[in-house]
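Student: I have a chain to go through. Could you take me from accessibility to overall shape and then to contacts?

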Amino acid sequence: AATCKSQKCASANCAKMKGLLKHGSSCKVKANGGCHVCKRIWALLQIHARQCKEDNCPVPNCMAIRERFRQLTLQQQAMDDRRRQMMNQTYHQQAR
């Protein structure tokens, strides 16, 4: 749907997704404000972004969502490393 230029696309899924993307671009409430349609769009975009491997993906916000996931993963790894390091220090001090 992100790359389809046909006004009368035969795919029902394409037409539905085009409608959702159009809503998302004009909605004043947005997902953070409680719009259920925008929350649905956001969930679909996140599912896409988790699986997408394209460098120049045409899906709206795909690259930004993927970058955010990457940052969160790095942040979680750093937290895990610090926790592991603290646990090792604690065990070594108890062993003495």
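Tutor: Start with a definition: buried means under 20% relative accessible area, exposed means over 50%, and partly exposed lies in between (1.4 Å probe, protein chains only). This is a predicted model, where local features need pLDDT of at least 70, side-chain atom pairs count only at pLDDT 80 or more, and totals for chains, interfaces and linings use all residues. Residues are numbered from 1 along each chain as its sequence is written, and side-chain values use heavy atoms, with hydrogens and water left out.

Student: Is D81 buried, exposed or partly exposed?

Tutor: The relative accessible area of D81 is 44%. That value falls between the cut-offs of 20% and 50%. D81 is therefore partly exposed.

Student: What share of the chain is buried?

Tutor: The chain has 96 residues. The same cut-off for buried applies, under 20% relative accessible area. The buried share is 15%.

Student: Which elements make up the chain, and in what order do they run?

Tutor: Helices (H or I, at least four residues) and strands (E, at least two) are DSSP runs, numbered from the N terminus. The chain has three helices and zero strands. From the N terminus on, the order is α-α-α.

Student: What is the radius of gyration of the chain?

Tutor: Take the radius over C-alpha atoms; the globule rule is 2.2 Å times the number of residues to the power 0.38. The C-alpha trace spans about 75 × 30 × 20 Å along its principal axes. A compact globule of 96 residues would be near 12 Å, but the chain has 21 Å.

Student: How do the axes of α2 and α3 lie, roughly parallel or roughly perpendicular?

Tutor: Axes are lines fitted to C-alpha atoms, for helices over the stretch in contact, with angles from 0 to 180 degrees between N-to-C directions. Under 35 degrees is roughly parallel, over 145 roughly antiparallel, 65 to 115 roughly perpendicular, and the rest oblique. The axes of α2 (residues 36-51) and α3 (residues 62-95) come within 9 Å and cross at roughly 70°. That makes α2, relative to α3, roughly perpendicular.

Student: Which residues of α3 make the contact with α2?

Tutor: Contact means heavy atoms within 4.5 Å. On the α2 side are W42, L45, Q46, H48, A49 and R50. On the α3 side are C62, I65, R66 and F69.

Student: How many salt bridges does the whole structure hold?

Tutor: A salt bridge is a side-chain nitrogen of Lys or Arg within 4 Å of a carboxyl oxygen of Asp or Glu. E67 pairs with R70 at 2.7 Å, N to O. D80 pairs with R83, and their closest N and O atoms are 2.9 Å apart. A search of the whole structure finds three.

Student: Which residue is the salt-bridge partner of D81?

Tutor: The closest N and O atoms of this pair are 2.9 Å apart. Both residues lie in helix α3, three residues apart, so about one helical turn separates them.

Student: Where does K18 sit, and how far is it from Q7 in space?

Tutor: K18 is found in helix α1 (residues 12-26). It is partly exposed, with a relative accessible area of 22%. K18 and Q7 are 11 residues apart in sequence. C-alpha to C-alpha, their separation in space is 9.8 Å.
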